[in-house]
Amino acid sequence: MIDAVDLSEYPMLADLRRQAVCLKAMAARYPVFSNLGSARLAAREHIVAFGSGDGWFAARAAADYARFGLGLPYEAASSLETLAYVGPRHAHRNLAGVAISMSGSADRTNEAAEALRDNGKPVLALTNGDGGVLARITGEKISLDVPDLAPFLTGTAKYTATLLGLIMLLEGAACVEAANWTAHLDALPMLLTEVERFARDFAERFAGRPPSGVRILSAGPNLATAEYGMAKFIKLLPIPVWADEIEEFAHRQFWSCPATDLVIYLAANPAVARCASASAAALGSMGMTTVAIDTPGCPVLGATVRFTLPGVSEYISPLFGAIPLQFIGYYLARAFGANPDRSQDVGDPARFRAAQLLARRGELAADSSGA
């Protein structure tokens with residue numbers, strides 16, 4: 001474990017370690033988020049939360065809690081899906097949108113927000129800082145107010161803060177008090193220490209013998225968490241990374257999965273944990289290494305190693321289940337000899353420009369204008 005007092009050379013690690021502070025600061029603003037959710041989202045016939053990348057993952061990770069825990073008419077959608085289908089499908093309904101983007105510069109998110117607005121549907125931007133173009137489109141925003149440690153860290157502390165911010169908005173929309181996630185925030189500093197130690201020790205298994213690939217598997221609300229982890233690992237590791245539903249993995253990815261791949265399970269549901277246990281035992285018979293992120297009532301007994309989260313409800317588990325994935329990705333990158341504390345864009349400017357052409361053309365326009 002890196003114990004340096006000065007973490008200025010380790011911005012991603014500093015970002016991971018500060019999540020307890022960030023989330024406590026968010027929780028202190030609960031009335032602001034809750035009141036805004038009540039004012040803008042309550043009594044709607046339909047609520048759609050949408051975004052691209054982490055925004056879409058967060059919208060989906062909160063979906064079961066919104067629909068079944070809070071009873072809201074909630075839909076999670078990608079920005080493209082919202083633009084092409086959700087907006088037109090619900091054009092006649094009393095719909096409100098929550099557009100999720102930390103920078104406010106994601107093209108499809110902005111286009112979807114603009115289309116909803118032009119159709120008379122109010123859209124609230126969940127963002128960080130001034131919200132950029134997105135906030136100008138929506139006319140109303142709420143910021144996470146998570147200070148930047150480095151410009152490439154949108155997917156660590158800001159991801160868990162995004163998910164918590166969305167949860168607080170939705171609890172306001174349902175006119176309920178905060179759920180049991182508040183009690184777990186007090187224990188989060190200890191959890192961060194424990195999960196970092198676990199991730200470091202686990203990654204050391206692969207020093208000089210890295211896995212050929214990583215598969216991150218789950219089901220229900222944590223399938224979005226698995227896909228979030230996949231997206232982070234792809235940016236950190238020089239190997240292929242996939243995400244899948246646990247049962248469906250057995251019917252498709254498994255058949256091209258070498259025994260040298262690492263498989264990670266997330267389970268916060270008894271049926272999911274039983275399926276994951278059987279899956280891990282089967283893969284173990286091939287000599288595969290598996291790691292489980294589970295909860296006390298949902299153990300994945302067949303896994304090679306396990307990290308057990310506190311006894312959070314399944315609805316809230318995505319908020320905490322993302323954190324072990326973050327640390328595992330960080331320390332696996334170090335085991336590979338990579339530097340997770342350095343932006344990958346620096347070493348591949350052509351790919352970075354192509355990424356802007358794919359999804360953030362507005363940034364190119366701003367750069368060319370000197371803005």
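Q: Which residue in E2 is the bridge partner of Gly51?
A: In this predicted model, the partner that Gly51 has in E2 is Ser78. Residues are numbered from 1 along each chain as its sequence is written, local features need pLDDT of at least 70, and side-chain atom pairs count only at pLDDT 80 or more, while totals for chains, interfaces and linings use all residues. Side-chain values use heavy atoms, with hydrogens and water left out.

Q: And in what sense do E1 and E2 pair, parallel or antiparallel?
A: Strand E1, which covers residues 46–51, pairs with E2 in the parallel sense over five bridges; strands pair if DSSP finds at least two bridges between them, and strands (E, at least two residues) and helices (H or I, at least four) are DSSP runs numbered from the N terminus.

Q: Is E2 buried or exposed?
A: Five of the five residues of E2, residues 74–78, are buried, so the strand is largely enclosed by the rest of the structure. Here buried means under 20% relative accessible area, exposed over 50% and partly exposed in between, with a 1.4 Å probe and protein chains only.

Q: Which residues point which way from E2?
A: Tyr74, Ala76 and Ser78 point one way, whereas Glu75 and Ala77 point the other way, and all are buried.

Q: Changing topic, how many aromatic pairs are there?
A: The count comes to 10 aromatic pairs, where rings of Phe, Tyr and Trp (its six-membered ring) pair if their centres lie within 6.5 Å, and planes under 30 degrees apart count as stacked, over 60 as edge-to-face and the rest as tilted. In one of them, the rings of Tyr159 and Tyr228 have centres 3.9 Å apart and planes at 15°, so this pair is stacked.

Q: Where in the chain do those two sit?
A: Tyr159 is in helix H9 (residues 157–173) and Tyr228 is in helix H12 (residues 222–236), so the pair links distant parts of the chain, 69 residues apart. Tyr159 is buried at 1% relative accessibility, and Tyr228 is also buried, at 0%.

Q: What about Phe198 and Phe202?
A: Phe198 and Phe202 form a stacked aromatic pair, with 6.2 Å from centre to centre and 5° between the planes. Because they are four residues apart in helix H11 (residues 188–204), about one helical turn separates them. Phe198 is buried at 15%, and Phe202 is buried at 3%.

Q: Which residues do ring pairs link into a cluster?
A: Phe198, Phe202, Phe206 and Phe307 are linked in this way.
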